[in-house]
Amino acid sequence: MFTGIVEELGEVTAVEQLDDASRFRLRGPLVTEGAKHGDSIAVNGVCLTVVDTGDGEFTADVMAETLKRSSLGALTTGSRVNLERPMALGGRLGGHIVQGHVDGTGTIVGRTPSEHWEIVKVSLPPELTRYVVEKGSITVDGVSLTVVEAAADFFTISLIPTTLALTTLGHKQPGDPVNLEVDVIAKYVERLLGDRSGQDPR
């Protein structure tokens, strides 16, 4: 379980292509502190399992299903990534409930800078439209954000200077892919209401 509050801006230091998967080596001195084999770390919003750690880096295997459903397959050596450790029980929930299970990918459509913040427009897959609402929560590349405008095929988010400086969203350009995770509570409510009405919500 994560909160979508990015702890560290990390970097991909190596990518090994396997038969039906990829092995990533990532640098993140903060998130690897005390990390061990089997722990979870979110990389651009995708929950990955630590294989090994050392010298401020960790290795994670990414299976074909994850590569298919996320933008991790586009990462190369030198790519910057958002990193977050799992939420500690008893800690503050600074963002919203994030599982690290990507629901789909979008694309940065445009950026509109302002004096103190920046509005970013992101394309929205049709199957996720019903879960995205104005003033609701969404996770973009692992960053917990509030939706400003929600349309059928896009949504906008407002990024403060801290988010621009400390996450990859400050560097993403139009055409770049991003991982999206919608609010899991909305999905549970939909499923429960569908079961009650006797209709399959899928």
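**Exercise 1: a pair within a helix**

Arg69 and Glu65 lie four residues apart in helix H1 (residues 64–69), so about one helical turn separates them. Helices here are DSSP runs of H or I with at least four residues, strands are runs of E with at least two, and both are numbered from the N terminus. This is a predicted model, in which local features need pLDDT of at least 70, side-chain atom pairs count only at pLDDT 80 or more, and totals for chains, interfaces and linings use all residues. Residues are numbered from 1 along each chain as its sequence is written, and side-chain values use heavy atoms, leaving out hydrogens and water.

Task: find what joins the side chains of Arg69 and Glu65.

Solution: 
- Step one: the two side chains meet in a salt bridge, 2.4 Å from N to O. The term requires a side-chain nitrogen of Lys or Arg within 4 Å of a carboxyl oxygen of Asp or Glu.
- Step two: Arg69 is partly exposed, at 48% relative accessible area, and Glu65 is also partly exposed, at 35%. Buried means under 20%, exposed over 50%, and partly exposed in between, using a 1.4 Å probe and protein chains only.

**Exercise 2: a pair across the chain**

Task: locate the salt-bridge partner of Arg130.

Solution: 
- Step one: the partner is Glu190, again at 2.4 Å from N to O.
- Step two: Arg130 belongs to the loop between strands S8 (118–123) and S9 (137–140), while Glu190 is in helix H3 (residues 184–197), 60 residues apart.
- Step three: Glu190 is partly exposed, with 22% relative accessible area.
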